[in-house]
Structures are given as C-alpha cells and as structure tokens.
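Dear colleague,

Please find below the structure that I am handing over to you.

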Amino acid sequence: MNADDTIIIASDAVIHPDDLHEDFIRSSGPGGQNVNKVATAVQLRFDAANAPGLSERVRERAIKLAGQRATKDGVIVIEAGRFRTQEQNRADARARLTALVAKAAPPPPPRKKTKPSKGAVERRLKTKAGRSTVKKLRGRVESD
C-alpha cells in the first residue's frame, strides 16, 4: 500500500492506508481444491473509532451502519471471499468499506434552482420559431 492509496470520499471522510489492516484467510467460496491450500479471502479491519480522516458525525454513522460488522471498540471488520484471487477480494473489501463510509458521509448540499434569463428565453423561442418555419416550408407545394 502506497501513500497514494488514500481513499477520499468527502471533505470530512478520508480513509488513509495506515488505518486499514488486512489479514488473508482461507475462503469458503469458489476455487475447488485450491480453497483448502491458499488463503485468498481477505479480512479488512478499519479502526473507525480512531481514524483521523473521519469527522465525529461520519464516524458515529459509519459504526452504526456497520451493525454487526463493527466491534465494541469501533473497528469495522469486512470479510471478502467472493473471488478466487487475493487482489479481487482485496478490491472488493475496499469497495464495500468505501460504500459504507460514503453512505455515512453527509449528502452534498441541495441544488439551487435557477431560471433562464429573459434574453435566453427569447433567443430559444426565436430559434424555435425559425426551425418551425423551415420545417413548414419542407411540405408539399400547393399549386394555385
């Protein structure tokens, strides 16, 4: 893990790679006999209670949303064993953690409604009328 692996979710929700701890365990998923020999599943631990990148509000919501996946100490444990390789399981666990913290982060501020300017409305209607005239002129020519 590099320092570049920092996951930025929102201004008050950042996951630093130092806050993550991965253990590889034997998986019960697909893989045939390989399952009995190779530890491909990942157990990702994120210490949300002591993570400096989370605001207090996001920290509390993340632990609450984690439910049974959070320990009493505020450590969120995510187990990923859906795939046959460590890399895919690692990416899956990180994606699930990111989704959990993103859900706990506050939504962006609501969009401000705006009106088009008077000039923009006039230009749109003028263009529309011009297109209408062009299309009417494409019709059959009536002989007098």
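**Findings**

Leaving out residues up to four places away in sequence, phenylalanine 46 touches Ile15, Asp19, Leu20, Ala51, Leu54, Gly74, Val75, Ile76, Leu97 and Val101; contact means heavy atoms within 4.5 Å. Please note that this is a predicted model, in which local features need pLDDT of at least 70 and side-chain atom pairs count only at pLDDT 80 or more, while totals for chains, interfaces and linings use all residues. Residues are numbered from 1 along each chain as its sequence is written, and side-chain values use heavy atoms, with hydrogens and water left out.

Helices (H or I, at least four residues) and strands (E, at least two) are DSSP runs, numbered from the N terminus.

Aspartate 19 lies in the loop between strand S2 (13–15) and strand S3 (20–25). Beyond its neighbours within four places in sequence, aspartate 19 is in contact with Arg45, Phe46, Asp47, Ala51 and Pro52.

Alanine 91 belongs to helix H3. The C-alpha atoms of alanine 91 and alanine 80, 11 residues apart along the chain, are 9.0 Å from each other.

Yours sincerely
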